[in-house]
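Here's a quick briefing on the pockets in this protein. Have a look at the model first, then read on.

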Amino acid sequence: MEGNQLKKRISVASKREPADTVIKNGKIIDVFNGEIIEGDLAIVDGYFAGIGDYEGNRVIDAKGSYISPAFIEGHVHIESSMVTPNEFAKVLLPHGVTTAIADPHEIANVLGADGIQYMLDSSKNLPFDFFFMLPSCVPATEFENSGATLHSADLKPFYQQPRVLGLAEVMNFPAVLTAEDDMLNKILTAKQFSKKIDGHAAGLSPNDLNVYMAAGIRTDHESTTAAEAKERLSRGMYLMIREGTVAKDLKQLIPVVNERNARRCLFVTDDKHLDDLIQDGSIDHNVRLAIASGLSSIIAIQMATINAAECFGLESKGAIAPGYKADFFLFDDLEKIKITTVFKEGRAVVENGRLVIESQNPTLVETERLRHSVRYRSLTENDFQMPLKTNHANIIEITPNSLVTRHLIEKVDRSDLGLFQPSITNDQLKLVVIERHHLKNQIGLGIVKGLGLKSGAIATTIAHDSHNLIMAGTTDFDMVVAAKAIKNIQGGLVVVNHGEVIASLELRIAGLMSDRPYQEVYEGLNEINLALKELGANNHFNPFLTISFLSLPVIPELKLTDKGLFQVSKFQHIDLDA
């Protein structure tokens with residue numbers, strides 16, 4: 001901060017000169033005492049200067065509305081929204097979110113350091129604060145092929161950037177447990193720069209949590225039960241309560257939160273599709289859901305504001321208090337949290353629920369791989385044949401609205417040649433993962449249960465974490481058509497039925513994000529959803545986001561990578577035959 005700005009702020013706080021803006025007649029959410037207070041809010045140069053009785057060059061009458069600090073998204077992969085940071089900000093601002101801590105893990109798995117730099121460059125100079133945690137596991141494991149590999153030395157230069165807060169979710173627990181050299185160096189480098197370290201403790205035991213804490217890892221967003229949540233809190237971790245599109249953990253975890261431990265809890269979405277963000281909201285949805293589940297409104301707001309700010313050391317965010325950034329919003333109902341007006345650094349960016357500002361991204365230097373990242377040879381039906389020695393196979397069963405799958409062994413149909421035959425009756429379909437980065441000709445084949453397709457195939461280049469091409473289908477022919485269509489549009493989502501592409505959404509930026517306005521992407525998603533109904537897909541969960549996590553080899557129980565079926569509990573590949 002320049003000296004003149006500090007002098008002016010002190011002058012306004014002491015009432016020697018008027019504020020730029022004064023907000024009057026509002027009910028202020030005091031996140032420190034957990035109560036509601038009243039008073040004028042003095043704002044100067046985008047910061048609060050005081051609470052009390054103030055005069056300003058501009059006066060805004062809150063007319064009795066509640067005034068809350070703006071919400072903070074504690075952990076999100078922007079890429080899962082399928083839009084660029086600029087468009088993502090436009091979607092979140094009307095929901096009272098003005099700050100996000102993002103992990104560019106997805107694009108880094110495709111483009112490496114170039115992907116991280118793209119996210120940093122494309123998120124600057126916006127009326128929204130994007131902070132980043134550096135991807136810790138690219139690739140997530142050695143059991144899949146990704147587009148890039150990032151070592152400690154590749155990450156180190158990024159710590160010089162002020163918007164980089166630390167090391168993102170450490171999901172390779174075995175590497176931490178054995179103090180593997182590169183993982184150890186990543187942790188030590190983050191500590192050297194006094195940065196934060198996020199965890200990813202899916203399925204870890206209490207003693208495993210001891211290892212994480214001993215290593216300096218301080219957060220986790222993978223709790224799915226109240227018992228897991230309490231274990232993390234008792235070990236001293238910040239509990240990130242997630243409510244995304246697939247992983248919906250909030251209702252199970254909220255009963256753990258009370259007045260004694262709430263300040264160690266915050267909200268995240270992790271992965272949320274654009275249509276869900278628009279229709280349900282972002283962190284505001286988590287807050288409303290928590291309140292509806294019985295949590296105090298003030299505690300829920302604390303979790304979405306000051307708790308997240310303190311977790312990541314954002315000293316000027318998360319509260320309405322002198323010296324804090326004037327990021328806040330107005331609303332009228334403590335339970336419904338229907339946001340009317342949003343301010344970013346004292347400037348109205350949303351009025352009557354509608355965005356009133358336009359932001360322009362800087363001109364970006366785009367690499368060839370950024371828009372041409374989908375590479376694999378032409379495929380035929382023979383590539384998807386799955387020989388079996390017996391009538392029983394290892395099967396991935398979907399758990400609706402969860403990242404966790406079940407490992408089943410079931411009887412399956414085989415042809416006269418001993419090849420697996422998909423069964424709509426038994427809901428046993430083919431699942432295929434194809435390496436799409438370096439022409440390695442690697443294809444993983446598996447069986448998925450619970451998707452519910454009655455015909456056709458679906459395919460996408462959003463396949464966590466390495467983002468290879470993943471497809472599920474009822475016929476080999478439809479999957480061949482889907483693979484060809486994905487390659488033609490250089491990444492995205494495709495729905496095929498009876499050999500015809502009936503819907504597609506182009507995601508040309510690394511096969512993960514669209515370069516189009518969010519409204520156009522939203523329309524494209526609606527077309528995708530209509531096409532899924534034609535295939536008879538299960539309407540109780542999002543089929544595309546669900547299959548995109550079926551290739552994630554760090555979430556239990558059984559997954560599929562481009563190298564084959566992967567049993568998470570044993571951290572090894574297994575045969576298709578049971």
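Helix 17 is the top contributor to the lining of the largest pocket, giving 4 residues. Keep in mind that this is a predicted model, where local features need pLDDT of at least 70, side-chain atom pairs count only at pLDDT 80 or more, and totals for chains, interfaces and linings use all residues. Residues are numbered from 1 along each chain as its sequence is written, and side-chain values use heavy atoms, with hydrogens and water left out.

**Largest pocket**
- Its volume is about 440 Å³ (the space filled by probe spheres set on grid points joined across faces, edges and corners).
- The lining has 23 residues, and Asp276, Asn529, Asn539, Phe541 and Asn542 sit closest to the centre.
- A pocket here is an open set of points on a 1 Å grid over the protein atoms alone, where a 1.4 Å probe fits, with protein on both sides within 12 Å along at least five of seven lines; lining residues have an atom within 4 Å of a point.
- Helix 11 (274-279), helix 12 (283-292) and helix 17 (518-534) each put at least two residues into this lining; helices are DSSP runs (H or I, at least four residues), numbered from the N terminus.
- Sorted by class, you get 11 polar, 7 charged and 5 nonpolar residues (Ala, Val, Leu, Ile, Met, Phe, Trp, Tyr, Cys and Pro are nonpolar; Asp, Glu, Lys and Arg are charged; the others, Gly among them, are polar).

**Second largest pocket**
- This one holds about 340 Å³ of space.
- Among its 20 lining residues, Pro139, Glu142, Asn172, Ala175 and Glu180 are the closest to the centre.
- Helix 6 (173-177) and helix 7 (181-192) each supply at least two lining residues, with helix 7 giving the largest share, 3 residues.
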